[in-house]
Amino acid sequence: MGADGAAGPGDGPAPLAARARVRPALGAVYRAQLSRARVARIPLLFVATFQSLGIMLLMRGVVDGGAEARAVVAGSSVLVVAFVALNLLAQYFGQLRASGGLDHYATLPVPPASVVLGAAAAYASFTVPGVAVTAVIGALLFHLPLGGLWVLVAVIPLAGAALAGLGAALGLLAPKPELATVCGQLGMSAALLLGVVPAGRLPLPLQWVRDLLPSTYGVEALGRALQARPDWGAVTLNLAVCAAVGAVSLAVATRAYRWATVR
């Protein structure tokens, strides 16, 4: 305040820094999460891959070929995504909320969507090698054509987004980290049962539940791409539905993040 009692130009509160834009904040969160999780998550990625390979070997004795073989290979491949993006991300956000780590993110000038999307993208990125290895070995094991495997370029990010959004929402909404872990494991078990077992062998009520699972449409798209003459129209339709489900899933996770940070 000046000598005459009037407030000087430097006496008022300093203006707050401008809030970061979504894209730069998303990139920063993604790089931070990727660096943080690299050492801890790579061994678990091997576990997820070996788990899917073991399931395919077991199913090889039951399924010979055709649509059921394509369903097994596609479901086992997407199961790697479910293990990392759904199960581990649910555990991560559950622990982050319990430890007060969300308070740290809440103080940063970054949009909530950047935190959720950055963490989801980082966890989904770890699934790429495991999904590719599982799909190639499965196609060779069941004598399926390899030409349609390029669809993984779309299946991995779309199914990863859908499952990561679901995993983040489960972790953020669970009142305790133990419940978040249980929810993540139950979600992965659902992806295992409803994704790997051919739909025709499931009871009708479980087929309805399968249609509600976010990863189902990624499994369907990959399975149809493994045909000798793929129906690309059906593949594109399933990928579009998977993208829509992923957008809704991430939007729910973002809303759950906002709710968890203000409680």
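Predicted model: local features only at pLDDT ≥ 70, side-chain atom pairs only at ≥ 80, totals over all residues.
Local features need pLDDT of at least 70 and side-chain atom pairs 80 or more, while totals for chains, interfaces and linings use all residues. Residues are numbered from 1 along each chain as its sequence is written, and side-chain values use heavy atoms, without hydrogens and water.

On a 1 Å grid over the protein atoms alone, a cavity is a set of points where a 1.4 Å probe fits but cannot get out; a pocket is an open set with protein on both sides within 12 Å along at least five of seven lines, and lining residues have an atom within 4 Å of a point. A volume is the space filled by probe spheres set on the points, which are joined across faces, edges and corners.

| Space | Volume | Lining by class |
|---|---|---|
| Largest pocket | about 230 Å³ | six nonpolar, three polar, six charged residues |
| Second largest pocket | about 160 Å³ | 11 nonpolar, two polar, no charged residues |
| Largest cavity | about 30 Å³ | five nonpolar, three polar, no charged residues |

Ala, Val, Leu, Ile, Met, Phe, Trp, Tyr, Cys and Pro count as nonpolar, Asp, Glu, Lys and Arg as charged, and the others, Gly among them, as polar.

Helices are DSSP runs (H or I, at least four residues), numbered from the N terminus. Helix α2 gives the most to the lining of the largest pocket, five residues, and also the largest share of the cavity lining, four residues. Ala67, Glu68, Arg70, Ala71 and Glu220 lie closest to the centre of the largest pocket. In the second largest pocket, α6 (152–173) and α10 (232–262) each supply at least two lining residues.
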